[in-house]
Amino acid sequence: MNRTANPRAYVETYGCQMNIADGELMEGILGRAGYDIAESPEHADVILVNTCAIREHAERRVLGRVGQLNYFKRMRPEVVLGVTGCMAQRMQDALLEKAPYVDLIVGPDGYRGLATAVDEIRASRGPGKARRRLSMVELRIDEDYRGLEQRRESAVTAWVPIQRGCDHRCTFCIVPYVRGPEKNRDPIAVLDEVHDLAAGGVTEVTLLGQTVNSYAHGDWEFPRLLRSVSRIPGIQRVRFTSPHPNDVTPELIEVMAAEDGICEQIHLPVQSGSNRVLRRMLRRHTVEEYLLTVRRLRDRVPGIAISTDIIVAFPGETDEDFEETLRLVRRVQFDEAFTYRYSPRAGTPATRLPRHQFVPDEVAQERLERLIAETRTIQAVINERDVGRVEELLVEKMGRDEGMVMGRTRRNKVVVAPGDESDIGRYIYVRLTHSTGATFVAGRLPKAAPRRVQWPPLPELAEL
């Protein structure tokens, strides 16, 4: 077996885009500490599972995966096995009891000390030494990871965290308890990072935050930061996720409309189409306010693609509440919807609601299946409407089939088209020929098309 002189670390990430960025951060920290980054766990000296705590099912799956990875520790007892991220923060020392083979748990504010902790654990191994296990789960109001760099997985696109934690206290959500209160990065540091990315050849960046558009730092608010990032030389596309509907201000919409570099796409979680359920979720917006925001976005940013998150079977949701959610979905016509059954998370206010208000499993599952069917029907109609359009495609990687490349349009549609490795990182123009569900197949065009294609507007929001 070939082994490098340096110890090797493997990071396996689950969950949201912020977790992906955190995984890159951990790899960067370990890389600067002298670790080579492994692509698989087989020969790694350090194995870290970067976890999500949003849903109970995801936690169970990750716990099972940690148990599987213990196989490599049994084969080589010197291996350090760690759990990082939101699940580590939520379970804390109970995780060490539940999984006695885990050596290290690190919450989202503990990554700065990750390499030191791993080194200490590795140094405690050997004859006559007591096995050391460490827990680093203190939430720090001052930790924004200033001065630390991520190890980027892509040379084409980049995640740029601008905010950590959350001040919104939605009653179903564990994030404020595992990531702490909102902490916003210095805007100059953000701009410097994007300048460096552009100098390295990255042309598309996505600004990340739990409620990214609530960003504020001194006299900088999110629209100003977004505009400034979009004007950095070399940056051709800017996205942001995930915004909160409350903070999609007229100023933000005007910036999106005015700046060519900002993509015609937004992920806008609605969670429910019932005002009664939204109040119980403590979402702080109404259905009417959400629909007004959608109308303003479509008026000022023609052709904008809108995706969303929806939870069904929140405690107390009635059949009529659910029908209102279906009506909202039909009115908005989301390009994509991420749909979930409500999952109780210990420590969140919703778990303290009266037990008789919890929706039976069979009812919850039926509602989820109906919602999925509705959103897929709408997506199929939208995709069929898009066939024949010319799109600008940023090629990100090779496709599964030989002679095909994969990328995304400005409207965040996944497309495969003819190409080769020399196209990765380039912008090409394609004509969409057909859809295979969530992915389009396209033919390649021999010359450039207009930078912004003017789509006919979507139908007006229907009164249902």
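Strand β10 (residues 204-208) pairs with β13 in the parallel sense, over five bridges. Within this pairing, Leu208 has Thr241 of β13 as its bridge partner. The model described here is predicted. β10 and β13 belong to an open sheet of three strands, ordered β7-β10-β13, with parallel pairing. β7 (157-161) and β13 (237-241) stand at the edges and have a single partner strand each, so one side of each is left without a neighbour in the sheet. From one strand to the next, the twist averages 20°.

Two helices lie across strands of this sheet. Helix α1 (residues 17-32) lies across β7, β10 and β13. Its direction is about 95° to β7. Helix α7 (residues 187-199) lies across β7 and β10 and runs at about 170° to β7.

A second open sheet contains six strands in the order β2-β1-β3-β4-β5-β6. Its pairing is parallel. The edge strands, β2 (36-37) and β6 (134-136), each pair on one side only. Inside the order, strand β4 (residues 80-85) is joined to strand β5 (residues 104-106) by three bridges, and the two run parallel. Thr84 has Val106 of β5 as its bridge partner. Helix α1 packs on this sheet as well, touching β1 (8-13), β2, β3 (46-51) and β4. The direction of α1 makes about 155° with that of β3.

The packing of helices α8 and α9 was examined next. Two packed helices are described by the angle between their axes and the distance between the axes. Helix α8 (residues 222-230) and helix α9 (residues 250-258) pack at an angle of about 10°. Their axes are 9 Å apart. The two helices are therefore roughly parallel to each other. On the α8 side, Phe222, Pro223, Leu226 and Arg227 make the contact. On the α9 side, the residues are Glu251, Leu252, Val255 and Met256. These contact residues divide into six nonpolar, no polar and two charged.

The largest nonpolar core has 68 residues. Ile162, Val205, Leu207, Phe222, Leu226 and Met256 touch the most other members. Leu226 touches Leu207, Val238, Phe240, Leu252, Val255, Met256 and Ile262, leaving aside residues up to four places away in sequence.

Strand β17 (residues 390-398) and strand β20 (residues 427-435) pair in the antiparallel sense over five bridges. In this pair, Leu393 stands opposite Ile428 of β20. β17 is also joined by five bridges to strand β18 (residues 404-409), and these two run antiparallel. Here Met398 stands opposite Val405 of β18. β17 and β18 form a hairpin with five residues between the strands. In this hairpin, Gly403 takes a positive phi near 80°.

Terms used:
Residues are numbered from 1 along each chain as its sequence is written. This is a predicted model: local features need pLDDT of at least 70, side-chain atom pairs count only at pLDDT 80 or more; totals for chains, interfaces and linings use all residues. Side-chain values use heavy atoms; hydrogens and water are left out. Two strands pair if DSSP finds at least two bridges between them. Helices (H or I, at least four residues) and strands (E, at least two) are DSSP runs, numbered from the N terminus. Axes are lines fitted to C-alpha atoms, for helices over the stretch in contact, and angles run from 0 to 180 degrees between N-to-C directions. Contact means heavy atoms within 4.5 Å. A nonpolar core is a set of buried Ala, Val, Leu, Ile, Met, Phe, Trp, Tyr and Cys residues joined through side-chain atoms within 4.5 Å. Buried means under 20% relative accessible area, exposed over 50%, partly exposed in between (1.4 Å probe, protein chains only). Angles under 35 degrees count as roughly parallel, over 145 as roughly antiparallel, 65 to 115 as roughly perpendicular and the rest as oblique. Ala, Val, Leu, Ile, Met, Phe, Trp, Tyr, Cys and Pro count as nonpolar, Asp, Glu, Lys and Arg as charged, and the others, Gly among them, as polar.
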